[in-house]
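Reader: Can you walk me through this structure? Keep it brisk, please.

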Amino acid sequence: MEKIVSLCKRRGFIFPGSEIYGGLAGTWDYGPTGSLLKKNLKDLWWREMVQLRDDMVGVDAAIMMNPRAWEASGHTEAFVDPLVECKICHQRFRADNEEEIKNHERSHKDKKIEWTEPKKFNILVEAKLGVIEDQKSTIFLRGEITNGVQVNFKNVLDSTRVKIPFGIAQVGKAFRNEITPGNFTFRSREFEQMEVQYYIKPDEAEGQKWFDYWKKNRMDWYLSLGIKKENLRFRDHADDERAHYARLATDIEYSAPWGWNEFMGIHHRGDWDLRRHQEYSGVDMSYRDSQTGETFIPWDIETSAGVDRSLLFLLVDAYSEEDERVVLKLDKRLAPYKAAVFPLLANKPELVKLAREIYDDLSPRLMTAWDDRGNIGKRYYAQDEIGTPYCVTVDFDSLEDKKVTVRDRDTMKQERVAIGELASYLEKKLEK
Ligand code: GAP
C-alpha cells in the first residue's frame, strides 16, 4: 500500500487534503492525473448507466437539503456508528473495528486498557446556513447522495416519460463524520458516490429478480474494467448489520492489501424512502401504472459505489512491477492520458517542431501528454507509471520518412506509423 500512496503523490494522482497546513484528516485532493482518472471513471459509469440505457435518467441534486429530508430518511436517528472510548487517553474507535482496537491496546504497551460501553455517534456532518449569526440554521451535508434522488421522484416522473421499472442515476459528493478515516482514501470524510435508484413494482419476486440483476450487472462492470476476478467477491449482509433502510444488502468486496473490504453495495431499500418522504412532506409519492391503472409506492433497488474507493482499488489492481519498470495496467478508457508525444531530443528544434505539430493535432482528439525532459527511457518510465497506453516518439528518421515510433505500454513493442494516420491508428487501438 505504501507503494501506491507514494506513486499517487509522486505522479500527481492524490495528495493529502490541505497538506501545507498539516492536512485535514479524511480529506484528499486529486491532482492532474488523479482528476483525469476520476473523471474518466465517472464518465464511463454515466455512459453505461444513462447514455446506453433507455430505462435510466440522471439527476444532479443539491448537496444541502432541508433538514426534514434527513429526518424522513431516518439518518438523523439511525445513521450511527457504535463508538468505544479508551479510558486512558480518551481516543474513540469504532466498536466493530477489532484490528484498530487491538492496535490501540498495543500502543499502550504494558498498561491495562479499559474501554467504555459502546455509544452511538451520528456521522452526519453539520453545517450552519444563513448570514445572520444568531439566526443561522443547522443543516446536514448529505451523508449519502440518495436523498436528493428520492425527493425528486415525482419531479422526474412528471418531467420525463419514464415507466416502471426505471432508474435514476446520480454522481456526487457525500460527507460523513467517520470516526477513524483510514487506509488512504478507502474511508474518507468527504468522498464521492455513483448511485442508481432503480424503481420497481412492489412485489417479492420482482424485488429478488432486480436485486440479482444489479448484483450481476455491477460485478460484470468491474470485471469489464479489468479488475482481476480473484480479487472480487460478493458478501451478503447479516440481519444485524444492514442499514436501517435495507431489506436485503450485498457488498461487492475487494481483496485489498489490508484484507477483504467493501467496494460497493447493492441494497433492496423497499419503499422505505418514498413512503417516509410521503409521510414527512405530505406529498403523494405513488406511481400510477397507465396500463393496469394500479397505484402503488414503488420499491427501490439501489446500487451505490464510492468513486474514490473504486479508483483506489482500480489503482491497486492495475499496479504491477516488471523488471526495471512500474506500470499501471489501467483499462485504456480509464487511463488519464491516452498518448504521450516526445521529441527524441529536446535541443533539436526541427524534432521539437514536428513533435509539437503532432501534439497539437492529437490533443483535440485524445487526452495527450507532452514530455521533453530527460532521456527517452525516463519518459517511458514516467508514462508507464501513470498508465499512458501509447508513447509517440519523433526521431531524426521522422523528418525523412514522416513516420513516428509508437510504443505500446503493455507489450513494450514498437511500431512505425505514418504521421498522417497516427490519430486514427491510436483511436482504433484505444477502442479495443
Ligand atoms: N446510498 C447507500 C449508501 O450510501 P453505503 O454502503 O453507506 O451505502 C456506499 O455506501 C458506498 O459508498 C460504499 O460501498 C463505498 O464504496 C462508499 N463509501 C461509503 N463510505 C465511504 C467513506 N467514508 N469513504 C469512501 N467511500 C465511502
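Author: We will go through the whole chain, then the ligand, then some local details.

Reader: Good. What kind of model is this?

Author: This is a predicted model: local features need pLDDT of at least 70, side-chain atom pairs count only at pLDDT 80 or more, and totals for chains, interfaces and linings use all residues. Residues are numbered from 1 along each chain as its sequence is written, and side-chain values use heavy atoms, with hydrogens and water left out.

Reader: How many helices and strands does the chain have?

Author: It has 14 helices and 23 strands. Both are DSSP runs, numbered from the N terminus: helices are H or I with at least four residues, strands are E with at least two.

Reader: What box do the C-alpha atoms fill?

Author: Roughly 75 × 70 × 50 Å, taken along the principal axes.

Reader: And what share of the residues is buried?

Author: Of the 432 residues in the chain, 50% are buried. Buried means under 20% relative accessible area, exposed means over 50%, and partly exposed is in between (1.4 Å probe, protein chains only).

Reader: What about a ligand nitrogen?

Author: A nitrogen atom of the ligand is 3.3 Å from a polar backbone atom of F186.

Reader: How much of the ligand does the protein cover?

Author: The protein covers 94% of the 550 Å² of accessible area that the ligand has on its own. Those areas come from the Shrake-Rupley method with a 1.4 Å probe; for residues, only the protein chains shown count as cover.

Reader: Switching topic. How many disulfides are there?

Author: A search of the whole structure finds zero. A disulfide here is a pair of cysteine sulfur atoms within 2.5 Å. For C8, the nearest cysteine sulfur is that of C391, 19 Å away.

Reader: Is C8 buried or exposed?

Author: C8 is buried, at 0% relative accessible area. C391 is buried too, also at 0%.

Reader: Let's do strands. How does β4 pair with β6?

Author: Strands β4 (residues 80-85) and β6 (residues 119-122) are antiparallel, with four bridges. Pairing requires that DSSP finds at least two bridges between the strands. V80 stands opposite N122 in β6.

Reader: And β5?

Author: β5 (residues 92-94) runs antiparallel to β4, joined by three bridges. L83 has R94 in β5 as its bridge partner. Six residues lie between the strands of this hairpin, and H90 takes a positive phi near 65° there.

Reader: Where else is phi positive without a glycine?

Author: F184 has a phi of about 60°, and D323 one of about 40°. Most residues other than glycine have a negative phi.

Reader: Are those two buried or exposed?

Author: F184 is buried, at 11% relative accessible area. D323 counts as exposed, at 83%. F184 lies in the loop between β9 and β10; D323 is in the loop between β17 (319-322) and β18 (325-328).

Reader: Which residues does the cis peptide bond join?

Author: I164 and P165, with omega about 5°. P165 is in the loop between α7 (153-159) and β9.

Reader: Last one. What does the side chain of Q170 reach?

Author: The backbone nitrogen of A61, at 2.7 Å. Q170 lies in β9 (residues 166-175) and is buried, with a relative accessible area of 0%.

Definitions and conventions: Polar contact = N/O pair within 3.5 Å; in protein donor to acceptor, adjacent residues only side chain to side chain.
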